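Please look through the sequence and the structure before reading on.

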Amino acid sequence: MSNARTLYDKIWETHATALGDSGDSLLYIDLHLLHEISSPQAFAGLREAGRSVRRPARTLAVFDHNIPTADQSLGLVGVQDEEARVQLQTLERNAAETGIEAFRMGDPRNGIVHVVGPEQGRTQPGMTIVCGDSHTSTHGAFGALAHGIGTSDVEHVLATQTLRTRKSRNMRVRFEGALPPYVGAKDMALAMIAAIGTGGGTGAVIEYVGEAVSSLSMEGRMTLCNMTIEAGARAGLVAPDEKTFAYLAGRPSAPHGADWEAALAYWRTLSSDADARFDEEVVIDVSGLAPQVSWGTSPEDVVAIEATIPDPGSIDDPDRRTSKSQALDYMALKPGEPIAGTPIDRVFIGSCTNSRIEDLRAAAEVVRGRSVAAGVRALVVPGSGLVRAQAEAEGLDSIFAAAGLEWREPGCSMCLGMNPDRLMPGERCASTSNRNFEGRQGRGGRTHLMSPAMAAAAAVTGRITDVRKLMS
Amino acid sequence: MKPFIRHCGIAAPLPLANVDTDQIVPKQFLKTVERRGLKAALFYDQRHAPDGTPIAGFVLDQAPWNEATILVAGDNFGCGSSREHAAWALADFGICCVISSRIADIFYNNSINNGLLPVTVPADLLAHLMGLAELGARLCVDLERRIIIHGEDAYPFVIDERVRARLLAGLDPIGEAQAEEAAIAAIEGRLAAATPWLPHPAEAEGHAA
């Protein structure tokens, strides 16, 4: 039998205790990220049991899910929603009392937890990372084993710095070929989820390989790994390479000096062995990939921009057929109609999927010199205060403002509509976020997932539009 | 945590695929700082008009399923957000067990942590149990014997042994992990050698919550 190991096997072996009698282990956690929604009950549980936070220095708290995206400089007293304010104050107090570093709302380092971790250099190759948020899979872009957990497990990690878990299966997704213009990481992720389904990765950790993955920037790899949870997988991984190291160099929490050299030597060992065995393999050729758009209420309900809306009547499984028919009713769309040309009311450019500098540049390129269509309201919400500052230094805010898009302060915003940014019933939104679930962006709201360039094209045309045609 | 050994009750059918945790508990209920009190939040948008008026017709509001303690759900139940509020709300309603052909990873773990038994069964058995649930059947789920019982019929299911052991014993997972301190400290030592640039524990680090 071969001793060849996958990258996932290697990270697992470094961090897990020996298998217990029942086949599970404790997995040591290198970095634990906290936010206001999923942590208050965990701290309360610790308090009730008289337990301590084991490694405050390996824990970082941010404020992102329910913060407003305007007037953050007023501080928490400026948060109008009282329940949200109490939750934010609770995190502030819990962090202060337990010695955990917290980036407060309005601090330029604050922002969406999955933008902040990498930006600060906290996220590093070979680490194990958890957060009470399903999109923790984002950090896998650095070759870190990263996944979401619930609040009871947040409490478990605070108390023990470990997670009781069982090893997942190894799955590999190979993206072959070169990406065409105006087609990117978001399109790759949506095409994969359409191919394998939202449950297709259940029980697996996916390693992404292939020419198209290597060619992605770190921002693109984060988008791809971010959406891995939408395929049901526990985590996504991209082996670290020179792009990864270049991204990390000089970041505040990245190693410096002699430590940098030691870290590089370690990080270069982090890849799957050439003959490592994967339990499952999926191959997707991207050379002919078109921009992808979702039509339904699950991230697997995706078609290419030039395609028509599929007919649920052709599905054999009765539960699935019912679900897809209900999705079309909810979305007020008909089978056989082209997805392109569907009129939209709102545009959201942001979220942990697509709020990084490269995403904002892609959107700005499309709206530059154009104007938001009449009747359309468009929001741009950068992923962190630092992304916002970088975009302003590049003049992107002026491009958005000139085109009529609103330039906001950082946060999760309209991805999940916990703050005041949300859809009204019946409104249709071109969104760069990750979930098109019923009511996700506001009750009765209709979400179409797409890339930043495609969302920008929708903003200026008022319809779901093929960005390649707009830009040709 | 209360042990789960055997449970009998009314099973409610939810014959939809990919029911996500946003449906189980919508966003407006995530601002709580408590674990309890989420019964009213369960499937809120399906059970209430936008102005908050109850809408009749959702399965858990109709007899006999308003007293259901078992949920039989379509494939890939609990996908999406990691919100543990979904498990809390189901438990608050009185649901002790969810049966599906596939249960999403994070929801599965959240269920276990709340003593809620997640059972996965093959698609054909799910279809059969869904049919029984639609007739208002009472099912028994016996975790000790790993069978679902309806009348004279018993249907075996497969479950991860650690999950079974933990639910049968009703153990405190944090206490269990803390009992493995020597193993945890050994990993910390190993990682301190491999990644010396990261902050490693000083003696007696740890802050009371």
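Two residues are taken to be in contact if their C-beta atoms, placed from the backbone, lie within 7 Å. The model described here is predicted.

In chain B, helix α5 (residues 123–134) lies across β1 (6–14), β2 (70–73), β3, β5 (138–142), β6 (147–150) and β7, and it runs at about 90 degrees to β1(B). The sheet of chain B is open and mixed in its pairing, with seven strands in the order β4-β3-β2-β1-β5-β6-β7. At its edges stand β4 (117–120) and β7 (153–156) of chain B, each of which has a single partner strand, so one side of each is left without a neighbour in the sheet. On average, neighbouring strands of this sheet are turned by 30 degrees against each other, direction ignored.

Strand β3 (residues 97–100) of chain B runs parallel to β4(B) and is joined to it by four bridges, while β2(B) and β3(B) pair in the parallel sense over three bridges. Some of the bridge partners are listed here.

| Residue | Bridge partner | Strand of the partner |
|---|---|---|
| B:I70 | B:C97 | β3(B) |
| B:C97 | B:L117 | β4(B) |
| B:V98 | B:P118 | β4(B) |

Are the residues on the two faces of β3(B) buried or exposed? In a regular strand the side chains alternate between the two faces of the sheet. In β3(B), B:C97 and B:I99 are buried on one side, and B:V98 and B:S100 are buried on the other, so that both faces are covered.

Notes:
Residues are numbered from 1 along each chain as its sequence is written. Chains are lettered from A and ligands numbered from 1 in the order in which they are written. This is a predicted model: local features need pLDDT of at least 70, side-chain atom pairs count only at pLDDT 80 or more; totals for chains, interfaces and linings use all residues. Two strands pair if DSSP finds at least two bridges between them. Axes are lines fitted to C-alpha atoms, for helices over the stretch in contact, and angles run from 0 to 180 degrees between N-to-C directions. A residue is buried if 20 or more other C-beta atoms lie within 10 Å of its own, exposed if 12 or fewer, and partly exposed in between; C-beta atoms are placed from the backbone.
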